[in-house]
Amino acid sequence: MSAILDVSHVTRRFAGLVAVNDVSFTLNRGEILGVIGPNGAGKTTLVSLISGTLPPSSGEISFEGHPISTLPAYRRARLGIGRTFQIMRPFPGLSVLDNVAVGALFGQGGGEADLKRARERARDQLEFVGLARHADQRADELGGPSRKRLELAKALAMQPKVLLCDEVMAGLNLVEIDEVIEVIRRVREQGISILVIEHVIKAIKSLSDRLLVIHHGEKIADDAPDAVLSDSRVIEAYLGRRRA
Ligand SMILES: Nc1ncnc2c1ncn2[C@@H]1O[C@H](COP(=O)(O)OP(=O)(O)OP(=O)(O)O)[C@@H](O)[C@H]1O
Ligand SMILES: [Mg+2]
């Protein structure tokens, strides 16, 4: 399998705290890579380092063989790196449709050239994630589960080659989780490579080809889901102290 994303010895410090410590891994083309770890482990920081909203303190990240660590986030989005945000931040005054259209305007390859085309693509994405009936509602009026889908639609409208999902299932009930899993599977069928952070072990196990475990900023496991979830270091670090 060939890597589309290569993270090599990446470290990120915040003042005295090492949030991500010398982490290396690859995301292969067409793969779904699950990322788990306790609260504060450094998962979101890792996604921010890949998408470019934070620069690394050291280390290198390559996308399709090219170093990207010094590129600003918008350039990485144009190359094809899309992400969702754990702390959701829709543009509050805009409709659901136009929130997604913004993604379509700034996506891979430079995005759609005009608003009409962007809205067309946004409509397709809302259909895809099951939000079509909310298209004309104001984004800040959506409930929690729908906001998660909106985050996905915004990222997908950028037509990414790599999608970074940060806890898109948090706060959802079991039925809603299954629906989002199905959406993510269909995203992969489109040829998109996916990194998915999730606390719901059952969900991430069934979804992922491989699991990466982060603990205190360090990678402590990277293997097939069954092997990772029976690893004693992982059980001690994560499963033994699962969030309430
Ligand atoms: N901008 C920042 N400034 C200072 N410290 C930060 C910043 N962002 C994250 N941190 C710290 O870095 C560590 C890793 O945080 P991060 O959000 O990456 O964890 P996480 O694994 O995503 O946790 P969760 O499961 O709760 O989402 C934490 O100790 C956090 O407090
Ligand atoms: Mg997080």
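This is a predicted model: local features need pLDDT of at least 70, side-chain atom pairs count only at pLDDT 80 or more; totals for chains, interfaces and linings use all residues.
1. Helix pair. Helix α5, which spans residues 144-156, packs against helix α6, residues 174-189, at an angle of about 5 degrees. The two axes lie 11 Å apart. Angles under 35 degrees count as roughly parallel, and α5 and α6 are therefore roughly parallel to each other.

2. Residues of the helix contact. From α5, the contact is made by P145, R149, L152 and L156. The residues contributed by α6 are E176, E179, V180, V183 and V187. By class, the contact of α5 with α6 comprises 6 nonpolar and 3 charged residues, with no polar ones.

3. Setting of R76. R76 belongs to helix α2, which covers residues 73-79. Buried means under 20% relative accessible area; R76, with a relative accessible area of 1%, is therefore buried. Apart from its neighbours within four places in sequence, R76 is in contact with L49, I50, S51, G52, I68, S69, T70, L71 and I81. The C-alpha atom of R76 is separated by 20 Å from that of S2, 74 residues away along the chain.

4. Surroundings of ligand 1. Ligand 1 is surrounded by 14 residues, of which the closest are G40, K43, T44, T45 and Q86.

5. Polar atoms at ligand 1. A polar side-chain atom of K43 is 2.7 Å from an oxygen atom of the ligand. For G42, a polar backbone atom lies 2.9 Å from a ligand 1 oxygen. In the side chain of H199, an N or O atom is 3.0 Å from an oxygen atom of ligand 1.

Definitions and conventions. Residues are numbered from 1 along each chain as its sequence is written. Chains are lettered from A and ligands numbered from 1 in the order in which they are written. Side-chain values use heavy atoms; hydrogens and water are left out. Axes are lines fitted to C-alpha atoms, for helices over the stretch in contact, and angles run from 0 to 180 degrees between N-to-C directions. Helices (H or I, at least four residues) and strands (E, at least two) are DSSP runs, numbered from the N terminus. Angles under 35 degrees count as roughly parallel, over 145 as roughly antiparallel, 65 to 115 as roughly perpendicular and the rest as oblique. Contact means heavy atoms within 4.5 Å. Ala, Val, Leu, Ile, Met, Phe, Trp, Tyr, Cys and Pro count as nonpolar, Asp, Glu, Lys and Arg as charged, and the others, Gly among them, as polar. Buried means under 20% relative accessible area, exposed over 50%, partly exposed in between (1.4 Å probe, protein chains only). A residue is near a molecule or strand if one of its heavy atoms lies within 4 Å of it. A polar contact is a pair of N or O atoms within 3.5 Å; within protein, one must be able to donate a hydrogen and the other to accept it, and residues adjacent in sequence count only if both atoms are side-chain atoms.
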